[in-house]
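I'm new to this one, so let's go through it together.

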Amino acid sequence: MNDTAADRVGARIDDLRDELLATLSTAIGIRSVNPTYADQDYDDLVGGETEVSQLLASVYREAGAEVELFGEAPGRDNAVGVVAGSGGGRSLVFNGHVDVVPADNVDAWTYDPFTAVVADDHLWGRGSVDMKSGLVAQAFAARALRESGIRLRGDLILQAVAGEENLEHHMGTSAVLARGYLGDAAIVAEPTGAARPLTVMPATPGVLVFRVDVTGKAAHASMRSRMLAERSDQPVAASAIDSGLAVHEALRRLESDWVSTKIDPLFTPGQFTIGLDVVDGGAGGSRNVAFIPDEMALEYAVFYPPAAELSDIQGEIERAVAGAAERDPWMRAHPPAITWQMHYPGGRTDGDHPFCLTVAGARTRATTHTRLDGPPDVMPFPSATDLTWLSRAGIPTVGLGPGSLSMAHAVDERCSVDEIICAAQSYAFTAIEWCGTE
């Protein structure tokens, strides 16, 4: 790495600390809640994403970028800035999303979630971790490079995208990539504080959501003894909840098998799961114990290896459900129905990829002589991120961002100020090493 350039830009980021935090506080004060959540008022919220994108665009311009603001829907703009390199270097994408999740339980927060507060060496507020701190740190890294007189050889592409929190990649990252804003590598500024802060995360699992609907035959609750005695495909009653629990037990056995059958060197054994997260059942529209239930719905979130084929994962789940049905006379005649509700493919960059090593080295340098000193952990994201779409576009991508994963979407969300500054320096050092300098 160009030590002189790194020293200059690191010192400039330190000088910009107060301005960075002020800009971040402004961003948190913008209620950019994703407006498409089912329990939110779209008309009340739409426009917040655009306002944050406009704020980021102003910093991109200060960094010397040519900026474009555009969206797939009114009020939901993305901002992209391109700092043109002098030529002969590799390009680099800085990516992050401008939308945040709701903060409806305001009374549970120590401070107003949409008023940034710096206290206890942390900046508090909705989006401070997920992920406005990372976005603003990326923007200020680009600005510090320019103000330090550093000209990169490769282009630096700054992306602030809409829609990520509700998995609307078509509104944000995929739309930006389709517009031609590509690079030779990318950093997504999601919070990556896991066991240790600023972990380097070069992979994300595939995420699959599905629903199983099980039917039964309603009757008076006192008919349960006859139902159990008959065990036929034409019983006096059939409990949909009994059937649904049998289906769930089959999926639990499959999940246990995955500890040994679903392996990826970046993921720990047992990290790929089939989680039952929503259950509803009863008799028709009546949820009353006087009835044997005739309907049950089970909704699952599945996390699977990024290299696995979706059809293989779906096939294993279908066979497990079919096996449970085959063992029961009622379900053989009335098989459960599976609905595939959502899919987010996994993405992966090898831990020993040159770009991953570059990011790890930059993070190590940025944290020297701080409480975060030492080489970073290299681990996968536990859930879906836009790393997927960058990776699928052929761009080696790594996640690195300030904030603890446990704080994302949480009440009293807050991000360590030291991590924000170290993240900004990590981004700048990565750009120097990866893109090259004049």
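**Cysteines first**

Me: How far is the sulfur of Cys415 from the closest cysteine sulfur?
Reply: This is a predicted model, so keep that in mind throughout. The closest cysteine sulfur to that of Cys415 belongs to Cys422, and it is too far for a bond. A disulfide needs the two sulfur atoms within 2.5 Å, and here the gap is 11 Å.

Me: And is Cys415 buried or exposed?
Reply: Its relative accessible area comes out at 0%. Buried means under 20%, so Cys415 is buried.

Me: What about Cys356, which is the nearest cysteine sulfur to it?
Reply: A search of the whole structure turns up 0 disulfides, and Cys356 is in none. Cys356 has 1% relative accessibility, so it counts as buried. The nearest cysteine sulfur is 16 Å away, in Cys435.

Me: How many of the 20 residues of helix α5 are buried?
Reply: Helix α5 covers residues 128-147 and is largely enclosed by the rest of the structure. That is because of its count of buried residues, which is 18.

Me: Which residue does a cis peptide bond join to Asp130?
Reply: Look at the bond with omega of about -5°. The partner is Met131.

Me: Which residue with a positive phi follows α5?
Reply: Past the helix, look for a phi near 75°. The residue is Gly149.

**Helix α2 and what covers it**

Me: How far does helix α2 reach from its first C-alpha to its last?
Reply: Helix α2 runs over residues 17-29, which makes 13 residues. At 1.5 Å a residue, its reach is close to what is expected. The value is 18 Å.

Me: Within what arc do the buried residues of α2 fall?
Reply: The buried ones are Leu20, Leu21, Thr23, Leu24, Ala27 and Ile28. In an α-helix there are 3.6 residues a turn, so residues three or four places apart point the same way. Seen down the axis of α2, the buried residues line one face of the helix, because they fall within an arc of 160°.

Me: What covers those buried residues of α2?
Reply: The cover includes one strand, β5 (122-124). Helices are in it too, including α4 (48-62), α5 and α13 (417-435).

Me: Which element gives the most to the largest nonpolar core?
Reply: That core has 72 residues, and those with the most contacts inside it are Val9, Tyr60, Leu92, Phe94, Leu145, Leu156 and Tyr427. With 13 residues, the element that gives the most to it is α13.

Me: Is Asp121 buried or exposed?
Reply: Asp121 lies in the loop between β4 (117-119) and β5. Its phi is near 65°, positive in a residue other than glycine. With a relative accessible area of 61%, Asp121 is exposed.

Me: What is the relative accessibility of His369?
Reply: His369 is in the loop between α11 (354-366) and α12 (387-392), and its phi is near 65°, also a positive value. His369 counts as exposed, because its relative accessibility is 77%.

Me: How far apart are the C-alpha atoms of Phe272 and Val207?
Reply: Phe272 lies in the loop between α8 (240-261) and β11 (273-282), and at 2% relative accessibility it counts as buried. Its contacts include Trp258, Phe303 and Tyr304. Phe272 and Val207 are 65 residues apart along the chain, and their C-alpha atoms are separated by 9.7 Å.

How values were computed. Residues are numbered from 1 along each chain as its sequence is written. This is a predicted model: local features need pLDDT of at least 70, side-chain atom pairs count only at pLDDT 80 or more; totals for chains, interfaces and linings use all residues. Side-chain values use heavy atoms; hydrogens and water are left out. Buried means under 20% relative accessible area, exposed over 50%, partly exposed in between (1.4 Å probe, protein chains only). Helices (H or I, at least four residues) and strands (E, at least two) are DSSP runs, numbered from the N terminus. The expected span of a helix is 1.5 Å times one less than its number of residues. The arc is that of the directions from the helix axis to the C-beta atoms. Contact means heavy atoms within 4.5 Å. A nonpolar core is a set of buried Ala, Val, Leu, Ile, Met, Phe, Trp, Tyr and Cys residues joined through side-chain atoms within 4.5 Å.
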